[in-house]
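Student: Could you take a close look at one part of this structure with me? I would like a connected account of how two neighbouring parts of the chain meet.

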Amino acid sequence: MEALQQQTKIRPVFDGTGVARTATHLFTSYGSQVVKVCSATYAIEKEIEVHSTVSALYAMQECVIIATVSGTVYTYSPASDRLEYLLKDTVLVKEMTQYEAYLAIGTADGIVMVVDVENREVILRKVLQASISKLFWRQASTPQPKKAHQSSASTLVVGDVRGGLSVLDARTGRVFYADTTHTSTITLIEAEGSVIYTGSSDGCLHVHEIGNELKVREVGYAITAGLIYNDHLVVAGNGSSLEYYTKDLAQRTAAPVPAPRILSLIVSGEKVLLVSEENDLIIGRMEETFVVEDTIIGDNDEITDILVLDDVVVVATNSAMLRVLDRAQLRSGEYACTAQLVQAPNQECSLVLAGDRKHLFSGTKDGYINRFAFDLGSKTLAFKEAIETPSPITALCIHQDVLLSGSDDGSLKCWKKSESTLLFTAVPTTTEITGIAVIGETIICTSKDKEIKRIDFRGVVSSGIPGHKKGIWALDAHNGALITSSSDKTVRFWRDGACTHVLQHNASVVKALLRDRVVTATSEGVVRVWDAQKEKELAALKISAAKDERIWSIKELSDSLYVTSAGGSLFVLKDNTKEIERQKEEAKKERYITKQKGLSLMNHQRYLEAAVEFFKLDTSKEIKEAVKHIDASTPIQPLVDEMGANQPKALKCVSTWTRSPQLFSTANRILQEILQRRWPIDHGRAEDIASTLSRTTEVLHETY
């Protein structure tokens, strides 16, 4: 049993580039990996490594198409777990779409290819004038006879980064419709019958129908994606809302989505996947509004703070939105991070969190203190109000009916918790406040200077408490005691204003948690568990090696379980130090009882039974004494039975005993019993025992 072990890791699996969904799994891009995630549990089942960064993914029949920035395209079969080349030495793939067994690919240098995936053969290669931004494969309105290398879908609709639209024959590549009305990248192509809908980052929607006048509607924002749902064209790009347009573009309604700005929409069976500008992947279904079922958190979110509230874990990140995780997710294993997204007025990230069973507060980089209502039953947060302050909020603490906030300008404010009424302002320091706690009737705060500050509940600042040699990073309180951690590589334990213990580290200590144990985290990504009273390190575990994956929070999840973070990943760590100590005490007690039993048996001349007990203890002196007194008439089998539980140890003992004339006879009997039982004995050990027996026999013959 390891003293400190990782039980759970919840991590980002999506970098915003490529996503594909099959009936049972999600496949997401993460650098040069494709991560295979179970759709039901979000457990990470496999990481598929390719030779360069993934540029696009596409789910096609029984396989997943993987395109990379180096121009290599692979097929991956989930059923056989096989990764195979489809294309080599192409240019960066930007878009993919399919019809039956045919795959259409659009590249960064303006090439459209149609690939027969089953036969791994390119059957069309068409060069257009600009980088491809969007593809749509429009089925033929009437059936076409199939020939070799011929698909039954007749036209490809292609958009490019210059705003050009081309409709071409998917078999011959002949362009029979072109339009350049859009002035920038085409991001939306949908078709229904003879009508083609396009949208662009130029803020316009177009309706194309060959032979009819082009219809145009300006929407007032850069369109990022869209799809047809029932009688509407659903368009993304207007912040966190989806807009539903009638197909004549005459009417529109907005439907908010709890997510940052939507960049793309992907239809996968009955599900729709939304990709946000923060690389969040929102999974849901289209109805009159978009119904969110799950949200997979993206890779751009460094975790800044964690708060455990009953059955939920609230996470603040470098996003403006909070993430709310169900505690049931924190089970053993490795999982994609799924969470509820909660929005407030702040535009910058939340830095700190504080809460109780009714309210949660977040302090943000742009100076907001946001209050949320916490619903125990539904495990949800609802935004209630915001207080705007002039400086970033860097520390929060709830004490009874007040909220204490600290800012990076060194000011500390006391608020009425339920009313957000300011009671007083104190300025205990001129540097960023890094921690706030309350001991008795005294407010304690730390900052980037070296001293601990004390303030009473009238806002009067007392003299500071010196001790640290550099700035203090963190503060925690428990049962009337305090700990502080500092860039001077120490954690100090305080009681009644005096430092009683110092825990020395080898790097800056960025976080510290005080409970029955002291848990610390350093700038090197190492979490340690300490016995503060003995100033003794009990366990250590490195959870991050990357310099940009800092540990900014450690919280107690339950007894002996801690939740912490490194970069964008959450870790649940199991502290086994108490269990190890208990086992050691039990083992010590058991050894004492066994030894006393063995000594009692020796006193009663029951030497064989005593040898059995002493063998359990691995006490060479006592067992030798017992073996020496075993007479030749005593059956040796009970001792060999016990020795069989640890054969390497037993053979080592026998090898030693054969060197002693006093133990030789009994050792020889034990060896004979071992040979009868056909214990496996390695060649070196066998030679050693044989040589020792021979020498000891010669000594006995010479002596007697």
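Tutor: Happy to. Between domain 2 and domain 3, about 350 Å² is buried, with carbon and sulfur atoms giving 36% of that area; buried area here is the accessible area (1.4 Å probe) that two parts lose on being put together, summed over both. On the domain 2 side, N576, T577 and K578 supply 78% of what is buried against domain 3, more than any other three residues. Please keep in mind that this is a predicted model: local features need pLDDT of at least 70, side-chain atom pairs count only at pLDDT 80 or more, and totals for chains, interfaces and linings use all residues. Residues are numbered from 1 along each chain as its sequence is written, and side-chain values use heavy atoms, with hydrogens and water left out.

Five residues of domain 2 are in contact with four of domain 3, contact being heavy atoms within 4.5 Å.

One salt bridge is counted between the two domains, under the rule of a Lys or Arg side-chain nitrogen within 4 Å of a carboxyl oxygen of Asp or Glu. The side chains of R517 and E581 form a salt bridge at 3.2 Å, N to O. By class, the domain 2 side that touches domain 3 has two charged, two polar and one nonpolar residue; Asp, Glu, Lys and Arg count as charged, Ala, Val, Leu, Ile, Met, Phe, Trp, Tyr, Cys and Pro as nonpolar, and the others, Gly among them, as polar.
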